[in-house]
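Please examine the sequence and the structure shown here before reading on.

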Amino acid sequence: MSVTSDLTVIMKQEVGKAAAAKVKSDSVVGLGTGSTTAYAIEYIGERLRSGDLKNIVGITTSFQGEVLARKYNIPLTTLDVVDHIDIAIDGADEVDPQKNLIKGGGAAHTQEKLVDSLAAQFIVVVDSNKLVDKLGSTFLLPVEVIPKAVMPVMRRLEQLGGKPELRMGIRKAGPVVTDQGNLVIDVKFDSIDDPATLEMTINNIPGVLENGLFVGVADLILVGEIIDGKAVVREF
Ligand SMILES: O=C(CO)[C@H](O)[C@H](O)COP(=O)(O)O
């Protein structure tokens, strides 16, 4: 492992721990997806085990989150059963200064947007590499589509100025299939000037389930940074 990736892991751990510390007893907790949120889930599990945290239930956003929640003995519920979520913790692929996000690096953005946007407080956990001045600078925008809609949606995304490509699996011959059984198109936009409009425009294309722009959803961003060789967590 390189020095850079070691530091990234430390930032992710610290920010996950800081988010887990914000969970209160007797609450419903949205559990996001990704390697940073995985640390938050682990630390929530540790707090439950030590007795520091009591009587919480989690709502997961992916198969990955469900496996982790079970591993750390976090009781789970669903949106069929509860009518509110007190706090949600989730990662992001890009965060802009207005707290708008690109998500979906793990192809889980549809369930993530459902859970994160219902939470009274949505906390985003990222390392400092995820901060950008403008969304779309470093990461492609994920769009979940039903399988039959791939080609028409790609053509429409091109008309909108994007360069779409179907997400292919790593160590899998074929496309990535989401937890809902759909496919993901990743789109490069040279410049996302108006994320709110683009989010709505893409979601209006027939066959699109959800895209990875999260505009006006996040309440608090926790950023893991390395300062003078030490991991610190900054909030904004
Ligand atoms: O949106 C997501 C999954 O769909 C993740 O939260 C996002 O990709 C960040 O993941 P990581 O913390 O592993 O960098």
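## Surroundings of the ligand

The residues of the shell around the ligand comprise 3 nonpolar, 11 polar and 4 charged; here Ala, Val, Leu, Ile, Met, Phe, Trp, Tyr, Cys and Pro count as nonpolar, Asp, Glu, Lys and Arg as charged, and the others, Gly among them, as polar. The model is predicted: local features need pLDDT of at least 70 and side-chain atom pairs count only at pLDDT 80 or more, whereas totals for chains, interfaces and linings use all residues. Residue numbers start from 1 along each chain as its sequence is written.

The ligand is surrounded by 18 residues, the closest being Gly34, Thr36, Gly91, Gly105 and Gly106. A residue is counted as near if its C-beta atom, placed from the backbone, lies within 6 Å of the molecule. Helix 2 and helix 4 (109-118) each supply at least two residues of this shell, and helix 2 gives the most, with 3 residues. Helices (H or I, at least four residues) and strands (E, at least two) are DSSP runs, numbered from the N terminus.

An open sheet with mixed pairing is formed by 6 strands in the order 2-1-3-6-12-13; two strands pair if DSSP finds at least two bridges between them. Strand 2 (57-60) and strand 13 (230-235) are the edge strands, each pairing on one side only.

Strand 6 (residues 119-127) pairs with strand 12 (residues 220-227) in the parallel sense over 5 bridges. Val126 stands opposite Val223 in strand 12.
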